[in-house]
Amino acid sequence: MAAAGGGWVAVCEKFRTARTLSAVESRKDPETEPYRSKYSARALLQEVKQLLSAAEEGGEARLVAVRRAVLEYELGVNHTDTEELSAGEEHLQRCTQLLEPHRLSPDCVSLYIQAQNNLGILWSERDEIKTAQTYLESAEALYNQYMKEDGNPPLDPSEHFMAEEEKLTDQERSKRFEKAYTHTLYYLAQVYQHLEMIEKAAQYCHTTLKRQLEYCGYYPVEWALNAATLSQYYLSKQCFMESRHCLAAASVIFSQAGQVPSAEDHEAEQDQQDLRQRKAEIARCWIKYCLNLLQSARKLLEDNIGELDPDRQLELKAQRKKEEDEKEKGRKKAVLFGTSDICDSVLAMEEKVSSVYPLDFQEAREIFLVGQNYVQEAKEFFQVDGYVTDHIEIVQDHSALFKVLAFFEEDYERRCKMHKRRVDMLEPIYADLNPHYYLLISRQLQFELADTYYEMMDLKVAIGNRLEELDSHTIKKINSLAQLAIKYYELFLDSLRNPDKVFPEELEEDVLRPAMVAKFHIARLYGKLITSDSKKQLENMQTSLEYYTFLVDYCEKYPDAVRAVETELELSKEMVGLLPTRMERLRAKLCPFI
């Protein structure tokens, strides 16, 4: 029998060489022969298989079956790696068939789970996600059953071709077994994502990340990106503590990446470029975190006209004092990542930014400043030259940070200055943008600039109302801001016209509300223009009426549009009723002079 003496040593050596060719030497294969080492490994595995077959007579059936299963597994992975999926599937299926009667025994369970994992991957590559799910969930169930019924560290598949003195320690066996199960959870997370089982995908992703840290089986950059991505799921659920924890862990683990060594200078440069990009992507996730936390706080605090409600503010502050400590303590146990060393670093990172709703300007400003720092970090990589869309999105987020911070500011003049900062960052970008190539972004900027000028105009009116009498400077400022808002709203509406400059009869759903709001705001802006010239005032009122009328008429013609602009429609109807009477009064005053 081949298992006796020197013959068995030779078999084990061939097996070991085949694994080295697949795992190590294949990385050095030339582009012209990408699978050279894989094919050499396959030939050696076939030789080992023949030697085993020749030795089957008189051998212990169970032992031979398990060794044959190991070879079928290795051949299955080999064929899958060389994109021969059908052959790969056959070998992997043979492996599981050979192991089926003994799949729960310590010498088979790890191999069986790994075969199931690879069948799951194989079916995923065929876009047969449901089939992949079946294999992976089967692997998960087997792991849980084995840990419940036995729990001892099982043999690693490679040990079936090792001499007794080479066998692994229990600690190493456990590590490899747990790594195989972590892969099961990792692939299941992706399967659930494909099946749009988002909550389940997030749970499995979180468990995978925790296990990778626990068993030191991760690449820092990949781990950090996965944690940052998971943070965005928690953000969508308004779980800010969990989101912050994922981001803090991502930043800490990413810092482990450091300098990436490489044999070639140009490769090292590319690696560093990739690192800079990944760091900037994590920074963007931090920006979204700060922005979402501030915006969610605003929704909690604003009254029915969008201003900060002081009574609500006091109520929430009292409530927070009672609840927050206990709440955080209980939830934190479920989400903590890593060993004590990593935990300490993560907790230190978390302390730099709050995860509770800011309830006043000082608290909001602290979150804003963290977000703004990450804006600068992200912009270092995503520069306008080469990353136009990314750069503009980051600037838009920066503008949104100023917008939401302004909500918490009580002083109208300072609030106005914050909106001016938004204008200063958005206008140069808009001026340099070619709307032919960037129509959607161009529209976003037009609308945001219009809205910003509109808010500034409203603030200047509010400041003016506190004065005994409006001075010429304030009047000039209000009119200037109103005209700039009108200009950008009109630019936005013009972008909806067809090549013949005709405004669409029926608006597309994605632009319906913005277009109607633009029309409504223009109507209101013409009503806000201050002039001592009664004829000009009458013209402004007429223009205002035309825009209000457009909104009312459009909603009568297309009733489905009403849902999108209920508040604006109600006010427009009111103004369509009131303005003609006001205009008549003004005309009557003008009659002697006309």
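**Note on the predicted model: pockets, core, helices and loops**

1. The largest pocket has a volume of about 1700 Å³. This is a predicted model, in which local features need pLDDT of at least 70 and side-chain atom pairs count only at pLDDT 80 or more, while totals for chains, interfaces and linings use all residues. Residues are numbered from 1 along each chain as its sequence is written, and side-chain values use heavy atoms, with hydrogens and water left out. A pocket here is an open set of points on a 1 Å grid over the protein atoms alone, where a 1.4 Å probe fits, with protein on both sides within 12 Å along at least five of seven lines. Its volume is the space filled by probe spheres set on the points, which are joined across faces, edges and corners.

2. The lining of the largest pocket comes to 44 residues (each with an atom within 4 Å of a point), and Arg 19, Tyr 73, Gln 114, Lys 179 and His 183 lie nearest the centre. By class, the lining has 17 nonpolar, 14 polar and 13 charged residues. Ala, Val, Leu, Ile, Met, Phe, Trp, Tyr, Cys and Pro count as nonpolar; Asp, Glu, Lys and Arg count as charged; the others, Gly among them, count as polar.

3. Which helices build that lining? H1 (5-23), H3 (61-81), H5 (109-125), H7 (170-194), H8 (198-214) and H9 (220-236) each supply at least two residues. H7 gives the most, with 9 residues. Helices are DSSP runs (H or I, at least four residues), numbered from the N terminus.

4. The second largest pocket holds about 1000 Å³ of space. It is lined by 28 residues, with Ile 305, Gly 306, Glu 307, Tyr 454 and Asp 458 closest to the centre. H15 (388-408), H16 (412-432), H17 (439-465), H19 (509-528) and H21 (566-590) each give at least two residues to this lining. H17 gives the most, with 8 residues.

5. Now the core. The largest nonpolar core has 177 residues, and Phe 161, Trp 223, Trp 286, Tyr 289 and Tyr 489 touch the most other members. Helix H11 (265-301) contributes the most to this core, with 14 residues. A nonpolar core is a set of buried Ala, Val, Leu, Ile, Met, Phe, Trp, Tyr and Cys residues joined through side-chain atoms within 4.5 Å. Buried means under 20% relative accessible area, exposed over 50%, and partly exposed in between (1.4 Å probe, protein chains only).

6. What does Phe 161 touch? Not counting residues up to four places away in sequence, its partners are Trp 8, Val 11, Cys 12, Phe 15, Val 48, Leu 52, Arg 67, Val 70 and Leu 71. Contact means heavy atoms within 4.5 Å.

7. Helix H18 (472-494) has 23 residues and reaches 32 Å from its first C-alpha to its last, close to the 33 Å expected at 1.5 Å a residue. The expected span is 1.5 Å times one less than the number of residues. Among the buried residues of H18 are Ile 478, Ala 482, Tyr 489 and Phe 492. Their cover includes H16, H17 and H19.

8. H8 has 17 residues and should span 24 Å at 1.5 Å a residue; its end C-alpha atoms are 24 Å apart, so the two agree. Its buried residues include Tyr 204, Cys 205, His 206, Arg 211 and Gln 212. Just after H8, Cys 216 takes a positive phi of about 50°.

9. Tyr 215 sits in the loop between H8 and H9. It counts as partly exposed because its relative accessibility is 24%. Beyond neighbours within four places in sequence, Tyr 215 contacts Lys 175 and Glu 178.

10. Check two more backbone angles. Most residues other than glycine have a negative phi. Glu 196, not a glycine, has a positive phi of about 60°. It lies in the loop between H7 and H8 and counts as exposed, at 66% relative accessibility. Lys 501 has a positive phi near 65°. Its place is the loop between H18 and H19, and at 63% relative accessibility it counts as exposed.

11. Is Cys 416 buried or exposed? Cys 416 counts as buried, at 5% relative accessibility. It belongs to helix H16. Leaving aside neighbours within four places in sequence, Cys 416 is in contact with Met 456, Leu 459 and Lys 460. Its C-alpha is separated by 66 Å from that of Tyr 112, 304 residues apart along the chain.
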